Structure formats: C-alpha cells, structure tokens
Amino acid sequence: MARRDIDQRIAELEEQARALKARKAATERANDTRRTVVLGSLVLQEIDRDTEASKALRSWLSKELPEKLTRDRDREIFAELLTKISRSDDA
C-alpha cells in the first residue's frame, strides 16, 4: 500500500471521528434540553399544588430564581410566574 493511500485513509478516519464526535455532542445537547424541559414541567406542575412540599418549593423559588435572572428577557419571561409564586406564599 502506498504512503499516499495510508495518509488518505488516515484523513478519512479522522473525518469520521470528527463527525461521530459532533453527533455525540448533538445528542448530549438534545438529552440535556429534554431533561430541562421535563424537570421544568414537573416544577411548574408542583408549584400549583397545595402541599407542604409545594409551599417549600415556591418559597425557595421566590428567593433563588430572581438572583438567577440576569437578563432582561429572562426577567420578562418569569415575571408572571414570580408574581404567582409570591401571591401564593402570602396566602
């Protein structure tokens, strides 16, 4: 086998490795997004319940969430939820 054939095969294998790594990264991002959506859905359902755990969750969110909202757009998106949480804590 000529040196050129070997170099070409190495380049092909390296390209395949890059493609596989990119696919793996895309899959990991998709899985992370799915976990975020499912967990967020669970939290949103739980804050509407009337249990001690739900009250504790609302209390924790009302303290912690505003600190995490550093972007104006994020504060806009969560404003209604934060209002809802604070009202239910007052009740």
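The model is a predicted one. Its largest nonpolar core has eight residues, and a search of the whole structure finds eleven salt bridges. Helix 1, which covers residues 3-47, packs against helix 2 at an angle of about 115°.

**The nonpolar core**

- The eight residues that make up the largest nonpolar core are Ile47, Leu57, Leu61, Leu65, Leu69, Leu81, Leu82 and Ile85.
- At least two residues of this core come from helix 2 (52-68), and at least two come from helix 3 (72-90).
- Ile85, one of the core residues, touches Ile47, Arg58, Leu61 and Ser62 when residues up to four places away in sequence are not counted.

- Ile47 lies in helix 1 and is one of the eight residues of the largest nonpolar core.
- Ile47 has a relative accessible area of 5%, and it therefore counts as buried, the cut-off for that class being under 20%.
- Once its neighbours within four places in sequence are left aside, Ile47 is in contact with Leu57, Arg58, Leu61, Leu81 and Ile85.
- Ile47 and Leu57 are ten residues apart along the chain, and their C-alpha atoms are separated by 6.8 Å.

**How helix 1 meets helix 2**

- The axes of helix 1 and helix 2 are 9 Å apart, and the two helices pack at an angle of about 115°.
- Helix 1 is therefore roughly perpendicular to helix 2, a description that applies to angles from 65 to 115 degrees.
- The crossing in which helix 1 passes helix 2 is left-handed.
- On the helix 1 side the residues that meet helix 2 are Val43, Glu46 and Ile47, and their partners in helix 2 are Ala53, Ser54, Leu57, Arg58 and Leu61.

- Arg3 and Asp7 form a salt bridge through their side chains, with an N to O distance of 3.8 Å.
- Both Arg3 and Asp7 lie in helix 1, where they are four residues apart, or about one turn of the helix.
- Arg3 counts as exposed because its relative accessibility is 62%, whereas Asp7, at 36% relative accessibility, counts as partly exposed.
- Glu15 forms a salt bridge with Arg18, and the closest N and O atoms of this pair are 3.0 Å apart.
- Because Arg18 and Glu15 are three residues apart in helix 1, about one helical turn separates them.
- Glu15 has a relative accessibility of 44% and so counts as partly exposed.
- Lys24 and Glu28 are also joined by a salt bridge, in which the closest N and O atoms are 4.0 Å apart.
- Glu28 and Lys24 are four residues apart in helix 1, so they too are separated by about one helical turn.
- Within this pair, Glu28 counts as partly exposed at 44% relative accessibility, while Lys24 counts as exposed at 54%.

Definitions and conventions. Residues are numbered from 1 along each chain as its sequence is written. This is a predicted model: local features need pLDDT of at least 70, side-chain atom pairs count only at pLDDT 80 or more; totals for chains, interfaces and linings use all residues. Side-chain values use heavy atoms; hydrogens and water are left out. A nonpolar core is a set of buried Ala, Val, Leu, Ile, Met, Phe, Trp, Tyr and Cys residues joined through side-chain atoms within 4.5 Å. Buried means under 20% relative accessible area, exposed over 50%, partly exposed in between (1.4 Å probe, protein chains only). Contact means heavy atoms within 4.5 Å. Axes are lines fitted to C-alpha atoms, for helices over the stretch in contact, and angles run from 0 to 180 degrees between N-to-C directions. Angles under 35 degrees count as roughly parallel, over 145 as roughly antiparallel, 65 to 115 as roughly perpendicular and the rest as oblique. A crossing is left-handed if the near helix is turned anticlockwise from the far one by less than a right angle, and right-handed if clockwise.
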